[in-house]
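Reader: I would like a close look at one part of this chain, with the cut-offs given. Please put it in the context of the rest of the surface.

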Amino acid sequence: MDHSPEARARRAARRRETWTIVRGEQGSPSVEGAAERVAAVLELSRDAWLFSGQPWPDYPRAEMPITVTRWVR
């Protein structure tokens with residue numbers, strides 16, 4: 001199997017061809033673009049955070065507590 005970046009990109013493109021698109025009631029995608037998706041996630045995240053009773057985090061992105069996991073194939 002070819003493990004070059006180009007070959008991996010071609011395999012990923014072939015896998016994406018089988019993805020199913022879920023459409024809303026009117027036959028159009030329920031959230032159309034990337035900006036709308038990000039806005040929807042932000043709204044849901046804020047609602048969930050407010051529901052938790054915790055204050056909204058106020059620190060720079062560079063100081064966010066995250067864990068980076070790299071998967072090796």
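Author: Ile66 is exposed, as its relative accessible area is 63%; exposed means over 50%, buried under 20% and partly exposed in between, with a 1.4 Å probe and protein chains only. This is a predicted model, in which local features need pLDDT of at least 70, side-chain atom pairs count only at pLDDT 80 or more, and totals for chains, interfaces and linings use all residues. Residues are numbered from 1 along each chain as its sequence is written, and side-chain values use heavy atoms, without hydrogens and water.

Ile66 sits in the segment that follows helix 2 (34–52); helices are DSSP runs of H or I with at least four residues, strands runs of E with at least two, numbered from the N terminus. The chain has two helices and zero strands.

Together with Tyr59, Met64 and Val68, Ile66 makes a nonpolar surface patch of about 410 Å². Patch residues have over 30% relative accessible area and no salt bridge, with nonpolar side chains (Val, Leu, Ile, Met, Phe, Trp, Tyr) joined within 5 Å and like charges within 9 Å; a salt bridge is a side-chain nitrogen of Lys or Arg within 4 Å of a carboxyl oxygen of Asp or Glu.

As for the whole chain, 5% of its 73 residues count as buried. Its accessible surface is about 7500 Å², 57% of it from carbon and sulfur atoms, by the Shrake-Rupley method with a 1.4 Å probe.
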